Amino acid sequence: MNVLSPLLAFDAVAAVLLVPVVAAALLALLPGYRITARLNVLASLLTLLAALSLFVTERPEPGQYLLVDDLNIVFIVLNAFVGFTTSIFSASYIAHELETGRLTPANLRFYHAMYQVMMFGMNLAFVSNNIGLMWVAVELATLTTVLMVGIYRTHEALEAAWKYFILGSVGIAFALFGTILVYLAAQPVVGEGYDAMVWTILVEHAATFDPALLNVAFVFLLLGYGTKVGLAPLHAWLPDAHAEGPTPISAVLSGLLLNVALYAVLRFKILLSASPEAIAAGPLMMTMGLTSLIFAAFMLYRRRDIKRLFAYSSIEHMGIIVFAFGLGGPLANFAGLLHMVMHSLTKSAIFFAVGHVAQIKGTQRLSAIRGLTETHPSLGWGLLAGVIAIAGLPPMGIFMSEFLIVSSTFARHPLLAIPLVFGLLVAFGALLLRLTGVAFGQPRGSVAPGKASYIPMYAHLALVLGAGIYLPPPLVAWFQHIANLLR
Amino acid sequence: MNGPVFDIAHMLAGGLVLVSMMMLYQDRLYALLNVFALHSLVLTLSVAWQALIQDAPHLYVTAAIALIFKAIVIPVALHRMIRQLGIHREIETVVGVGPTMLAGIGLVALSIVVMLRVTPEADPLAREDLAFALSVLLLGLLIMVTRRNAVSQVVGFMSLENGLVLAATGAKGMPLVVEISVAFSILIAFIVIGVFLFRIRERFDTVDVRALDDFRGRRRK
């Protein structure tokens with residue numbers, strides 16, 4: 001056991017990274033939709049298994065490039081899980097797109113290969129212990145999603161991809177400048193070379209870094225990675241990218257890519273809070289979070305496109321999560337973490353439902369989608385359950401995390417609770433207003449039965465419901481431990 | 001730090017800011033591209049000088065990438081592309097030259113004030129480099145904001161990226177600089193190919209997303 005375990009642990013980390021790479025290479029070469037879609041699912045499953053094995057195998061020592069700790073395991077497992085379920089959804093979604101001729105087999109090969117490259121990029125960002133490597137990985141993940149957003153080649157899709165590209169690149173540039181500043185702050189203490197970019201070493205010595213330089217660095221990093229989190233006023237790319245790309249990509253964008261950027265912000269927040277003289281990162285994050293929440297809540301009212309509606313809802317929830325982490329403290333961090341997991345699961349479930357709905361109705365326009373519970377009961381009720389969850393109603397998991405965030409805000413900054421609750425209520429009203437028609441209105445448009453499997457959607461919703469009713473104690477203990485790490 | 005070594009590094013980095021300012025008022029695409037080629041050339045010299053004084057041979061690779069890729073290949077490719085897209089006329093600047101220049105001066109002043117204040121203990125060379133790099137970065141952003149044409153936006157982005165390379169090479173002994181400049185070159189190549197393949201000519205007329213959304217909502221019906 002003790003001889004083999006380091007080897008096994010290394011294998012788990014390597015597998016999380018290598019499976020997607022190998023799969024991407026294979027998928028780029030193999031023709032035929034059936035094989036590639038299945039291979040995509042299989043590769044995602046293997047990645048998930050490798051990610052789960054990180055829990056049981058012994059962790060490798062933090063190296064110059066890679067790191068596995070309590071914080072990033074949660075992100076990796078969530079990433080691999082949603083990646084796996086989305087690949088199942090994607091298989092049935094893509095089959096329909098092929099039938100209607102929106103995608104050609106050549107597009108498809110590219111799509112599947114890019115899907116795995118994106119999974120690789122995201123996993124690499126999570127396990128990297130080097131802030132430079134993390135930056136490269138986030139860039140890679142962004143680049144692949146840009147290509148997939150534009151895959152339909154329609155005017156709108158290209159416009160969305162272009163906007164995403166330009167704004168994402170500016171974000172990336174700011175993040176790199178921030179990374180260089182962190183290196184400069186570390187260099188006099190840690191010395192030149194790789195060590196001054198290794199996160200674990202940086203955290204150890206952060207107290208002796210020049211605080212002024214760290215402050216400026218954090219502002220750049222927050223703006224840069226914040227663009228990717230979709231924080232207002234840097235969110236402009238997000239609704240377009242969600243609405244115009246294929247729906248599986250909307251699901252991974254909302255459910256996963258936003259988390260990757262959030263993870264980067266969190267890592268640097270830990271770094272900043274390890275330095276006693278640097279400014280507190282909290283107020284900055286709280287301001288941006290609240291702005292995003294309130295802005296997105298109002299924007300929800302005037303949406304006419306169902307995917308755009310849920311894209312704004314993602315901005316709203318990322319705002320809540322960033323606010324919670326900005327608030328800090330064990331309870332708020334715990335709630336933020338829980339909210340992030342719940343949001344990823346719920347939002348991707350909603351996008352699975354929305355994808356099927358849009359395919360059946362042939363449109364994404366809200367006014368053309370009515371009375372789903374009557375014509376497509378399993379789909380309609382699933383979507384409704386997702387909306388109930390995302391609006392923060394009990395007994396779903398998001399209710400619990402939002403409740404914790406609100407109550408800890410009341411306890412610590414009662415005045416801030418007013419805009420927070422206001423934003424939540426506005427968003428709640430908007431979602432119910434928009435979705436009652438979709439679920440219960442007079443049926444309109446095609447009533448053809450959906451051919452897809454709804455298992456991924458219901459699996460996610462069951463998890464969210466389960467978490468709302470009962471959180472297993474080991475999970476709570478784990479999250480509490482991370483919440484303390486985050487400070 | 002001995003005099004001439006520092007002065008030359010300083011002059012080259014300052015030259016980069018100057019060329020960035022020159023880009024602000026170019027109102028024709030060809031002229032903009034030529035100035036950008038000059039920008040990359042100055043960057044090449046600056047990086048090569050850093051490689052020499054820091055005794056860091058890997059930085060020569062970065063300099064070579066800047067020279068070959070950004071000073072020659074990209075401008076030539078964009079020249080041909082502009083001709084093929086038929087957009088070799090005037091650039092529509094959203095803001096006039098006067099206000100743009102004033103904003104540019106303001107940004108340079110801002111970045112020098114910010115960077116010099118927070119880095120009193122850093123190596124003087126890195127310190128000046130960083131202040132200049134931030135100026136170049138912000139000026140690049142300004143170019144992107146004040147232009148409507150996709151090609152000139154790309155040029156703005158590349159000048160911004162030149163600023164980042166300047167910052168990265170100024171940070172003594174920073175690892176991964178070469179890798180990062182390669183990653184950026186790939187990114188830029190993708191953008192340029194994207195512009196060409198999909199014939200993206202114009203950015204959206206407004207930066208106000210609400211207006212854009214409403215417009216799209218109506219068009220879709």
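In the predicted model, helices H5(A) and H10(A) are roughly antiparallel to each other. This follows from the crossing angle: the axes of H5, residues 131–149 of chain A, and H10, residues 247–273 of chain A, cross at roughly 160°, and angles over 145 degrees count as roughly antiparallel. The two axes come within 11 Å. The crossing of H5(A) and H10(A) is left-handed.

The contact can be described residue by residue. H5(A) contributes Met134(A), Val138(A), Ala141(A), Thr145(A), Met148(A) and Val149(A). From H10(A), these meet Ile249(A), Leu253(A), Leu257(A), Val260(A), Ala261(A) and Ala264(A). By class, the contact of H5(A) with H10(A) holds 11 nonpolar residues, 1 polar residue and no charged residue.

The axes of H6(A), residues 155–190, and H8(A), residues 211–229, come within 7 Å. They cross at roughly 155°, and H6(A) and H8(A) are therefore roughly antiparallel to each other. The crossing of H6(A) and H8(A) is left-handed. Its contact residues divide into 18 nonpolar, 5 polar and 1 charged.

Chain B has 8 helices and 0 strands. From the N terminus on, its elements run α-α-α-α-α-α-α-α. Of the 221 residues in chain B, 46% are buried. Among the contacts in chain B with a separation of 6 or more, 73% join residues 24 or more positions apart.

Within chain B, helix H6(B) was considered separately. H6(B) has 21 residues. From first C-alpha to last, H6(B) reaches 30 Å, close to the 30 Å expected at 1.5 Å a residue. Of the 21 residues of H6(B), 21 are buried, so this helix is largely enclosed by the rest of the structure. For burial, 20 or more other C-beta atoms must lie within 10 Å of a residue's own.

The two chains also meet. In the interface, 34 residues of chain B are in contact with 30 residues of chain A. On the side of chain B that touches chain A, the elements giving two or more residues are H4 (97–118), H5 (124–146), H6 (150–170), H7 (177–198) and H8 (209–220) of chain B. The residues on this side of chain B comprise 24 nonpolar, 4 polar and 6 charged. H6(B), with 21 of its 21 residues buried, is thus one of the helices that give two or more residues to the side touching chain A.

How values were computed:
Residues are numbered from 1 along each chain as its sequence is written. Chains are lettered from A and ligands numbered from 1 in the order in which they are written. This is a predicted model: local features need pLDDT of at least 70, side-chain atom pairs count only at pLDDT 80 or more; totals for chains, interfaces and linings use all residues. Two residues are in contact if their C-beta atoms, placed from the backbone, lie within 7 Å. Helices (H or I, at least four residues) and strands (E, at least two) are DSSP runs, numbered from the N terminus. Ala, Val, Leu, Ile, Met, Phe, Trp, Tyr, Cys and Pro count as nonpolar, Asp, Glu, Lys and Arg as charged, and the others, Gly among them, as polar. The expected span of a helix is 1.5 Å times one less than its number of residues. A residue is buried if 20 or more other C-beta atoms lie within 10 Å of its own, exposed if 12 or fewer, and partly exposed in between; C-beta atoms are placed from the backbone. Axes are lines fitted to C-alpha atoms, for helices over the stretch in contact, and angles run from 0 to 180 degrees between N-to-C directions. Angles under 35 degrees count as roughly parallel, over 145 as roughly antiparallel, 65 to 115 as roughly perpendicular and the rest as oblique. A crossing is left-handed if the near helix is turned anticlockwise from the far one by less than a right angle, and right-handed if clockwise.
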